[in-house]
Each structure stands twice: as structure tokens, then as C-alpha cells.
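The answers follow the structure.

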Amino acid sequence: MPKPTIDNSTPLVPWTGGAIITTTATNENLLSNTAASGHTLEVVYLACVSADASNATTATASIYDQDGVGMNDDTGAYKQTDSGDTVDGAQRHLIAPIATPIAAAAGQVFATKYEPIYLEEDSSIVVQNGAGNDAHWTVTYRVLG
């Protein structure tokens, strides 16, 4: 894929999505960029917040290589997944330490517009929680190119 260019004819449109991870310690797709999308996704906000006022949980976020396998059902804007899609491929690297603690009724930000994550073609953001239904993920991103 050629590197994206930004000029007056290419608007940067932000998208926001989210998911409640219902499973415990199971990889779930949050955002996917298909192999032939022709785009790079700039993640300008990625956060996990606790939905439980009494119990802490943990959160893990990684970048996965899809190995050319479609990892979502293409239901969301620019391949935002619905958090129930197949995870395939191999972990490239962690976005945050494994099992980052999330205190009860608190949250953790993993990416901001000042420290963005760039999701290239054929890759996805995969998340995992220590307790089912106890954490909500939010991702805001822009499509480049």
C-alpha cells in the first residue's frame, strides 16, 4: 500500500466505536484493518473503563497480524468489529502490559491523539479482559489514505 497523503481533497473523518467484552480472558477483536483496505487507521483514543463499582478487573490490548484472514464481519464503519468476530493470525506486539489493572469504577487510556497507534493493512486491535461484562472498550480512529 502506498503511504497515505493528506491534502485538501482527503478529509480526515473520525469514527468512534466500542464494545463490552462479555467473555473472560478470551481474545476479542475491537478494530480491524483488512488486507486490501488501501488505508491506514490512526487510533487517536483507546480506553478501557470498569463497569463494576465494586470489583477491579484487568485489560490487555495487542496488535495482531491477520495473516490475510478476514477477522470481522464488516458491520462497522471502516471495518470496526462487533467484538464477537474470529481472532486469527499472530500477536505482533502488546499495546499495554499484559493484564493492566483497571480499578473498580475507574479506567485506563492506552492511546491518545498525542500518542496514537497506527493500524496498517492486515492487522487488528485485539483486547482481553480479566472478567466478563466488567469492562467497556472505546476506540476513536481516523481513516488515512
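**Strand S3 and its partners**

Q: In what sense do S3 and strand S8 (residues 117-119) pair, and over how many bridges?
A: In this predicted model, S3 and S8 pair in the antiparallel sense over 3 bridges. Leu 41 stands opposite Leu 119 in S8.

Q: Why is S3 said to pair with S8?
A: Pairing takes at least two bridges between the strands. S3 and S8 have 3 bridges, so they count as a pair.

Q: What makes S3 and strand S7 (residues 107-111) a pair?
A: There are 4 bridges between S3 and S7, in the antiparallel sense. The requirement is at least two bridges, so S3 and S7 pair. Ala 47 of the chain stands opposite Val 109 in S7.

Q: How do you know that S3 and strand S10 (residues 135-144) are paired?
A: They are joined by 10 bridges and run antiparallel. Because at least two bridges are needed, S3 and S10 qualify. Ser 50 stands opposite Ala 135 in S10.

Q: Why is strand S3 (residues 40-50) called mostly covered?
A: A residue is buried if its relative accessible area is under 20%. In S3, 9 of the 11 residues are buried, so the strand is described as mostly covered. For the chain, buried residues make up 41% of the 145 residues.

Q: How many helices and strands does the chain have?
A: The chain comes to 0 helices and 10 strands.

Methods
Residues are numbered from 1 along each chain as its sequence is written. This is a predicted model: local features need pLDDT of at least 70, side-chain atom pairs count only at pLDDT 80 or more; totals for chains, interfaces and linings use all residues. Side-chain values use heavy atoms; hydrogens and water are left out. Buried means under 20% relative accessible area, exposed over 50%, partly exposed in between (1.4 Å probe, protein chains only).
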